[in-house]
Amino acid sequence: MSSPEIASLSWGHMKVKGCSTTYKDCKVWPGGSRTWDWRETGTNHSPGVQPADLEEVVKKGVKTMVIGRGMSEALQVPASTVDYLKKNGIEVLVLQTEKAVAEYNALAAQGVKVGGVFHSTC
C-alpha cells in the first residue's frame, strides 16, 4: 500500500489525493489520511508535537516520518519526540510545511513507506 500524494497546500488548507476532505492539519500514512486534531492530545505550538500525535502513524509501519512545522515554523518539535521515532527505527525529517510536503511527496513517489503530520498555518 502506497502513501497518498498531498495534492495541494495553501494557508489553512491541505488536500490529499483520493480524499474529498480538505484538511487544516493532517496525518498521512500508507493507504490513508485524516484530520490531525490537536485537541486529542492537548498539543499546542509549544512544547509542540508529542509522541502521542505520531503513534497512530507509527503503528501503520512507516519507515520515515515527515513533520511539517507550519508555514512560519511556529510548531515546535521537542527532542523527546524525535528520540521516540528513532527508538522505533523510524527516520525523521522536521521541516517547514511547504518543504515537508515536497519531501513527503518525493518519498511517496519513490515508494517509501512514509507517513507525516502537517500543520498548514503558522
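Start by selecting helix α1: its buried residues pack against β4, β6 (64-68), α2 (79-87) and β8. Contact here means heavy atoms within 4.5 Å. Buried means under 20% relative accessible area, exposed over 50%, and partly exposed in between (1.4 Å probe, protein chains only). Helices (H or I, at least four residues) and strands (E, at least two) are DSSP runs, numbered from the N terminus.

This is a predicted model, in which local features need pLDDT of at least 70, side-chain atom pairs count only at pLDDT 80 or more, and totals for chains, interfaces and linings use all residues. Residues are numbered from 1 along each chain as its sequence is written, and side-chain values use heavy atoms, with hydrogens and water left out.

**Stop 1: helix α1**

Select residues 51-58. Which residues of α1 are buried? They are D53, L54, V57 and V58. Now look down the axis of α1: the buried residues fall within an arc of 130°, so they line one face of the helix. The arc is that of the directions from the helix axis to the C-beta atoms. An α-helix has 3.6 residues a turn, so residues three or four places apart point the same way.

**Stop 2: strand β4**

Next, select residues 25-29. Five of the five residues of β4 are buried, so the strand is largely enclosed by the rest of the structure. D25, K27 and W29 point one way, while C26 and V28 point the other way.

**Stop 3**

Two strands pair if DSSP finds at least two bridges between them. Find D25: its bridge partner in β8 is H119.

W29 stands opposite G32 in β5. The hairpin of β4 and β5 has two residues between the strands, and G31 takes a positive phi near 95° there.

**Stop 4: aromatic pairs**

How many aromatic pairs does the structure hold? It holds two. Rings of Phe, Tyr and Trp (its six-membered ring) pair if their centres lie within 6.5 Å; planes under 30 degrees apart count as stacked, over 60 as edge-to-face and the rest as tilted.

Select W36 and W38. Their ring centres are 5.7 Å apart and their planes at 50°, so the pair is tilted. W36 counts as buried at 3% relative accessibility, and W38 does at 13%.

Finish with Y104 and F118. Their ring centres are 5.6 Å apart and their planes at 80°, so the pair is edge-to-face. Y104 lies in helix α3 (residues 97-109) and F118 in strand β8, so the pair ties together parts that are 14 residues apart in sequence. Both Y104 and F118 are buried.
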